[in-house]
Amino acid sequence: MTSEEVRKSILDIIADIAPDEDLSGIQDEVKLRDQFDLDSMDFLDIVMELRKRFNLEVPEADYPQLVTMSSCVEYLTPRLKDHQPVG
Amino acid sequence: MPKNWLKGVNSAYDTIIIGSGLGGMTAGNLLAKLGHRVLILEHHYNFGGLATWFKRKGGHILDISLHGFPIGMIKTCRKYWSKEVADSIVRLKNIRFDNPQFSFGTTFDKEDFTQLMRDRFGVLRETVDDFFTTVRGMNFFDDLSMTTRDLFEKFFPGRNDIHRLLMEPITYANGSTLNDPAITYGIVFSNFMDKGVYTFKGGTDQLIKKMKKELKKNGVDVRNHCLVDKILIEDKVVKGVRVNGREIYSDAVLSNSNILSTINKLAGREHFSPGFLEEVSKVRLNDSSCQVYIGIRKGETIPNVGDLLFTSEEEEFTSEALLEPRTKSRTFSFYYPETRPGLNQYAIVSSTNARYSDWADLDETEYMRKKDELVKETLDCLEKYVPDVRSKIDHLEASTPTTFKRYTRHPGGVSFGTKFEGLKVSKDLPGQIAGLFHAGSVGIIMSGWLGAANYGVIVANEVDKFLRSVRKPEEKLEIVNV
Ligand SMILES: Cc1cc2nc3c(=O)[nH]c(=O)nc-3n(C[C@H](O)[C@H](O)[C@H](O)COP(=O)(O)OP(=O)(O)OC[C@H]3O[C@@H](n4cnc5c(N)ncnc54)[C@H](O)[C@@H]3O)c2cc1C
């Protein structure tokens with residue numbers, strides 16, 4: 001996947017987890033928590049979805065890397081480079 | 001021949017879950033949705049664990065633990081159960097306090113508490129805001145030596161009335177006291193006393209029915225009347241369980257039984273390291289409960305006196321007084337016809353916290369006498385709010401810590417798992433035995449409907465990770481139907 005596809009995949013995951021949120025105006029540099037009503041359980045869901053969709057394990061120590069959209073993309077792109085977009 | 005409750009069960013699963021409390025069921029549902037084959041074994045005839053109910057002559061349906069839960073339950077049900085389950089959750093409108101220090105109704109949210117503290121208790125706005133901010137910011141890494149009492153004394157020194165307002169509902173909700181670490185209070189308070197108290201429209205029976213439907217849909221094998229007496233372990237690796245005299249195999253076992261029973265009885269102490277057992281020995285069980293179930297005769301009505309009533313005749317608040325067998329503090333839950341639309345009946349349930357030791361060793365006569373005394377004192381108290389209630393009752397029954405023990409098999413009949421230190425032991429379990437997990441009421445913060453369900457999710461994530469590490473999802477275990 002390209003970084004653009006990774007970004008799209010993350011958006012898909014967040015849209016599934018938080019169906020009431022309007023993600024169209026998302027700001028990539030602002031903490032996800034500060035823009036949307038996401039709590040620690042939601043972040044756990046993101047981790048579970050990444051494992052389910054891409055067989056990717058995010059170790060607990062790396063959870064802080066998922067704080068903004070751009071940090072997600074930066075962290076995940078090299079790890080998902082051999083994957084096809086899904087979902 | 002007795003009925004074979006395991007008829008048609010497979011010889012092996014990816015995960016076996018011991019117990020169908022909200023922690024066990026929520027974990028099971030999620031694991032099934034993640035593609036694992038799951039078996040839930042419950043010893044009772046009902047599913048739900050403490051989230052349960054019973055029926056009595058006269059059309060009564062009585063709920064055990066449906067007094068109220070935080071708003072977070074809506075999101076949890078929607079994400080890990082279904083929209084249908086989440087859509088039945090409604091807010092309780094009228095929560096009341098009545099004691100010698102204060103008497104009022106509240107909507108039980110941050111705005112109302114802030115206003116009450118200012119107007120009724122004369123606290124400065126800045127102090128209230130500061131308190132809320134501090135409590136909300138508390139987390140795991142905070143100093144554990146600070147107790148809830150210290151926290152209250154810091155913000156509201158000498159104000160026993162405010163301590164009561166802030167603590168009493170939480171003590172009923174999870175058995176914690178002023179002596180527990182302040183962070184347990186902080187985490188629970190931010191969930192509970194923030195956006196109101198919620199209930200499940202239709203009653204616990206409807207909730208569990210909907211959950212069972214969902215489990216079936218997702219392919220979970222759910223069995224009642226199945227008592228697990230051993231977790232099979234070889235060389236520090238889980239192999240399965242022994243249930244009703246049979247062995248069933250699995251890569252992972254998730255116990256929703258109490259953490260101490262899981263270690264000491266189901267697994268067996270011989271499998272754990274001395275250092276771990278040392279930690280286990282420090283884990284204190286939480287307290288239990290007594291309840292009085294009051295069914296109002298069909299056709300009779302009672303006035304609306306609130307949904308949840310925290311009442312006490314104690315002059316001052318202490319955590320200990322709430323536990324006394326002849327306590328003068330109790331909560332009443334009133335179930336009006338709206339609770340179960342169509343049934344058109346009223347019920348009232350009184351709950352008090354209680355110590356197992358006060359009830360366990362009584363002989364039959366003394367036990368019955370104390371139960372009668374509990375019922376009588378409860379009705380005396382209720383009559384102040386619902387005049388002449390005795391003439392409208394056609395079902396009366398009480399439960400004690402020994403009742404809770406019998407139905408849940410929890411040591412000491414605990415209502416709310418363990419004190420704080422139990423959480424670490426629960427989390428460290430898989431480090432001792434590969435494939436062994438625990439989820440369910442533990443450590444105060446993982447208690448209650450929301451806490452238990454969310455902890456089920458947190459642990460299911462670990463189980464999923466583990467299962468994928470031992471075997472790729474596409475490699476299915478060899479199974480036979482027996
Ligand atoms: C009187 C009372 C009132 C409460 N009120 C509220 C309330 O208003 N709001 C709220 O949020 N919470 C309330 N709670 C707390 C809440 O009900 C519990 O915290 C929560 O339901 C516990 O879920 P759990 O997953 O820990 O499992 P539990 O409900 O404890 O269930 C564990 C299950 O495991 C089964 N089991 C144990 N051992 C075995 C075995 N060896 N083999 C097979 N099965 C086994 C048991 O039978 C049981 O079904 C109340 C509790 C009590 C007692």
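At what angle do helix H10 (residues 259–268) of chain B and helix H11 (residues 274–281) of chain B pack? They pack at about 135 degrees, with their axes 11 Å apart. Here helices are DSSP runs (H or I, at least four residues), numbered from the N terminus, and axes are lines fitted to C-alpha atoms over the stretch in contact, with angles running from 0 to 180 degrees between N-to-C directions. That angle makes H10(B) oblique to H11(B); under 35 degrees would count as roughly parallel, over 145 as roughly antiparallel, 65 to 115 as roughly perpendicular, and the rest as oblique.

Before going on, a quick word on the model: it is predicted, so local features need pLDDT of at least 70 and side-chain atom pairs count only at pLDDT 80 or more, while totals for chains, interfaces and linings use all residues. Residues are numbered from 1 along each chain as its sequence is written, chains are lettered from A and ligands numbered from 1 in the order in which they are written, and side-chain values use heavy atoms, with hydrogens and water left out.

Back to our pair. B:Leu260, B:Ile263 and B:Asn264 in H10(B) meet B:Phe276, B:Leu277 and B:Val280 in H11(B), where contact means heavy atoms within 4.5 Å. By class, that gives 5 nonpolar, 1 polar and no charged residues (Ala, Val, Leu, Ile, Met, Phe, Trp, Tyr, Cys and Pro count as nonpolar, Asp, Glu, Lys and Arg as charged, and the others, Gly among them, as polar).

Now find helix H7 (residues 160–174) and helix H8 (residues 182–192), also in chain B. Their packing angle is about 95 degrees, with the axes 11 Å apart, so H7(B) and H8(B) are roughly perpendicular to each other. Among the residues making this contact are B:Met167 of H7(B) and B:Phe189 of H8(B). The contact divides into 8 nonpolar, 1 polar and no charged residues.

Over in chain A, helix H1 (residues 3–17) and helix H3 (residues 40–54) have axes that come within 10 Å and cross at roughly 125 degrees. That makes H1(A) oblique to H3(A). Their contact has 6 nonpolar, 1 polar and 6 charged residues.

Finally, zoom out to the domains of chain B, whose bounds come from an automatic or database domain assignment. Domain 2 is 53–91 + 285–408, and domain 3 is 108–197. Their C-alpha centres lie 25 Å apart, and 26 residues of domain 2 are in contact with 20 residues of domain 3.

Notes
Helix = DSSP H or I, 4+ residues; strand = E, 2+ residues; numbered from the N terminus.
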